[in-house]
Amino acid sequence: MEGGYILTYPDGKVQEYQSGYRGTLYLTREELPNGAMVVYNTNGKKLYERDEQGNYTYHKTDSNGKIIETTEVKDEVMIKTFYDKEGNISYYVEG
C-alpha cells in the first residue's frame with residue numbers, strides 16, 4: 001500500500017492507515033474477524049459501517065465534513081435519512 005500502512009493483529013483485526021499532512025497517520029479502515037468493517041474519512045469520521053450480518057450504513061458528507069445524508073440497509077430494508085444545515089433530520093425515505 002503506497003503511502004500507507006496495514007496492521008494485522010493476532011486476533012485477526014486489520015487496520016489500514018494513510019499518511020496525511022506532515023506525515024501524520026490516520027486510520028482509514030478497520031475490519032474485524034467477524035466481517036464487521038468501518039471506513040473513515042481523513043477527519044476520522046465514519047463514512048461506511050458494515051456489521052457482522054452484512055447490514056450497512058453509509059454517511060454522505062458535504063465539503064465541510066457535515067453529514068447530509070445517511071443510507072442504512074438492515075434486513076434488506078433501506079432507509080435514507082436527509083439532514084438540514086444544522087444537522088437535524090429533515091426527512092427520511094424507507095424502501
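Here are a few friendly notes on this predicted model.

1. Ground rules. Residues are numbered from 1 along each chain as its sequence is written, and side-chain values use heavy atoms, with hydrogens and water left out. As the model is predicted, local features need pLDDT of at least 70 and side-chain atom pairs count only at pLDDT 80 or more, while totals for chains, interfaces and linings use all residues.

2. Overall make-up. The protein has 0 helices and 9 strands (DSSP runs numbered from the N terminus: helices are H or I, at least four residues; strands are E, at least two). Its C-alpha trace spans about 40 × 35 × 15 Å along the principal axes.

3. An open sheet of 9 strands runs in the order 1-2-3-4-5-6-7-8-9 with antiparallel pairing (strands pair if DSSP finds at least two bridges between them). Strand 1 (4–8) and strand 9 (89–94) are the edges, each with a single partner strand, so one side of each lacks a neighbour in the sheet.

4. One pairing up close. Strand 7 (residues 67–74) and strand 8 (residues 77–83) pair in the antiparallel sense over 6 bridges. Here V73 stands opposite M78 in strand 8.

5. A glutamate worth a look. E30 lies in strand 3 (residues 25–31). At 17% relative accessibility, E30 counts as buried (under 20% relative accessible area; exposed is over 50%, partly exposed in between, with a 1.4 Å probe and protein chains only). The side chains of E30 and Q15 are joined by a polar contact of 2.7 Å (a pair of N or O atoms within 3.5 Å; within protein, one must be able to donate a hydrogen and the other to accept it, and residues adjacent in sequence count only if both atoms are side-chain atoms).
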